[in-house]
Amino acid sequence: MSNVFVYCEIDEGQVVDVSLELLTKGKKLVKEIDSKLEAVVIGSDLQNIEKQVFPFGVDVLHVADEKRLYPYQTLPHASILTKLFEEQKPQIVLFGATSIGRDIAPRIASALRCGLTADCTSLVIGDHFDKKANKEYKGLLYQIRPAFGGNIIATIINPEMHPQMATVREGVMKKEIHDAKYKGKINKLDVEKYVNKENFVVKIIERHIEAKKINIKGAQIIVAGGYGVGSAENFKLLYELADVIGGEVGGSRAAVDANYIEHERQIGQTGITVRPKLYIACGISGAVQHRAGMDESAMIISINTDPIAPINAIADYVIEGDVAHVIPKMIKYYKKNSK
Amino acid sequence: MKNLKIIVLAKQVPDTRNVGKDAMKADGTVNRAVLPAIFNPEDLNALEQALRIKDKYSNTTVTVLTMGPGRAAEIIREGLYRGANNGYLLTDRKFAGSDTLATSYALALAIKKLAPFDIIISGRQAIDGDTAQVGPQTAEKLGIPQVTYAEEIMEVNDKEVIVKRRLERGIEIVKAPSPVVITVHSSAPACRSRNAKYLMKYKHASTVTEKQDTTTDYEQLYQNRPYLDIEELSVNDIGADIEWLGLSGSPTKVKAIENVVLQAKDAKMLTGSNSDIEGMMKELIENHTIG
C-alpha cells in the first residue's frame, strides 16, 4: 500500500484548520493516483478525535495517544512518524507549514532520506520523463512554490526517494467536508514501540499560547499596507478605513519588517492567505510572495504612487496617489454615500 | 564550567531583493555570480546570540562555519569582525547542486570534524530559499536535539541550554541538553556592528586559495599571524561520500522554473482626485462590495 498521509496537528483537542485543509487536498490527490487517504494524530486524550477527521474522507487514522505526547515536542513526534512511515511506506506526506510542521518535517525527511518542499502554494499530480536516465515516472507530486525572493515559481519533484513530502501554509488550500458520514479505520499505535526515553530529553518549562484574536482570514474586506505606507503613524489611517467599512487590517512582509504592523497580520506566502471580497492594497508593490497570499481576492484596489507597481497588474482599480491623501477621501465619500 | 564551544552556521546568500534578468541560468539554477552577496539576515541574529554567550563567558570559542564558493570566505571575515574566534569554509565543486538534505549531510560531517562542540546555532532560514530545513536536518544527521525559532538563549552551561522560542501565537521556554542545534528567529536581537579593533586585526584573514592571489609582501604577515588563516574543508577533508552530495545526493529535483510574468487585467485607472474617489466609492456601494 502506498497512500497519501497527512500529519494532523492538535491544538487544545482540536485538529487545526491547516490539517483539515490538507486532508481536503489529500482526498483530491488520492483520487488521481488511485490510493487511499490516511491521517496521523499524535497527542494525549484523543478519544473521539476520529469524529473530527473522518468526515474529510480519511480511510485510515493512526492515533498515538499518550500523556507525554502533548504539547508537541520534536523528538517523540518525529520518532513516531519516522517509524510509522518506514512501516507504511507512504507515497506522499503533507504537513502544515506551521511552527510545528516546519520543525518536524525536515527532521523526518533527513531520517528517511527523502525530499521535502517547504511552503508549497500548489500541489498537482503529473508525470516526468528523465532524459538522462531514459526513465518515465508516472503520477508524481508536483510541488509548486515561489522561490528566490519570489522572482521565480519552481516546480519541484522527488522522482526516486519516497515519500514525497511537502508543507503548505494555512489558508492556501480550501477546507471542505467530503462526507459527514464517512467512516474509516482506526489504527491505535502502541506508543512504547515508537518512542524511547531519549526522545524526552528536552523539557518544556513554560508555554504561553494566546488564542487567535485577529481574524484576517475570515474578513470579507481587508485593508492591507506595505512599505509604501511610510510609517506606523500612517497605518492608523488604514485602521480607520477598515473600521468605517467593516474590514480587517493586514500588511505585507516589508511592512512587518519595518515594524509598521504586527507579524500576526502579515499576508502572503510566509504569512496568511486570504480570499476576501475586497482587498485594498495601500502602498504595496506586490512581490509574488505577497500576491500568492491575496490574488484570489474577488476585487482588488491598489493605491500606489508608482503607476507600474506589479500589484496594479492584478488590480480592478488602480489609484495613482499617496495613501495619506487617498484614504481620508475614501472614508469621507463612503460616509457621504452610504445609508 | 568548562570552555564552551559554539559553531555558527552562516550562509552567504544572493540579495533576493535585487534580482535582475540575468540572474537565472538556462538550466533553471540561480546564477549567484551576478547578484550582490550578503550575510543571511537570520544567521546574523544567530551570530549575535553566540557572541552574547561569549560576552558572558569569555573563554567561549565562537567558530563560523559556512558552505559555499570561495567568495563565501567574506562571511567568515564578517563574523571575525564582529567577535568570532575563527572560521571554516566548506568548499568544493562537488557540493554544487545540493538540496537541503545533501547540504545538511555535508555540514554535519564538517561539524563532526570540528567536535567537540556544545551549541550549533544558525538562522531559522535563508532568504534565497526560505525553507528552514537545514537546521533540523543537520540536527538529525548529528543525532542531537533541535530547538527551532529561538528568540533568546536565556541560560547556558556546559550541560544544557534554556531557550525562549517564538511560536506563531506565543512563546515557549524549553530546556535542552547540549550538544544541541538551535535555529534563531528574526525576532531575536539584531547583530552588533563590526568592531574597529577586530576589523584591523582580521582585515587580512584569508583562505589558502585567496592567499595564492595575494602578493608576496604578505607572506611574512601570514607566517607571524596564524590566526589570519581561514581553513578550507573539501569533500575529502570531511570524508563525504560523493553519492550523497550535489545533484545525486539531492532527492528533490527542479522540474521547471517559471519566471514571474504578470498578466494585466483591465483595471480602472484613477487619480486621487475627489471625483475619481467618490465615483469609485459609489460603485463599490452600488455593487454591494462594501456597505
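Which residue in S9(B) is the bridge partner of A:Lys203? The bridge partner is B:Lys175. Strand S13 (residues 203–209) of chain A and S9(B) run antiparallel and are joined by 6 bridges; two strands pair if DSSP finds at least two bridges between them. Helices (H or I, at least four residues) and strands (E, at least two) are DSSP runs, numbered from the N terminus.

This is a predicted model, in which local features need pLDDT of at least 70, side-chain atom pairs count only at pLDDT 80 or more, and totals for chains, interfaces and linings use all residues. Residues are numbered from 1 along each chain as its sequence is written, and chains are lettered from A and ligands numbered from 1 in the order in which they are written.

Chain B comprises 9 helices and 14 strands. Its C-alpha trace spans about 80 × 45 × 40 Å along the principal axes.

In the interface, 66 residues of chain B are in contact (C-beta atoms, placed from the backbone, within 7 Å) with 72 residues of chain A. S9(B) gives the most to the side of chain B that touches chain A, with 8 residues. The classes on that side are tabulated below; Ala, Val, Leu, Ile, Met, Phe, Trp, Tyr, Cys and Pro count as nonpolar, Asp, Glu, Lys and Arg as charged, and the others, Gly among them, as polar.

| Class | Side of chain B that touches chain A |
|---|---|
| Nonpolar | 32 residues |
| Polar | 18 residues |

Within chain B, B:Ala106 touches residues including B:Met67, B:Phe95 and B:Leu245, not counting residues up to four places away in sequence.

Conventions
Contact = placed C-beta atoms within 7 Å.
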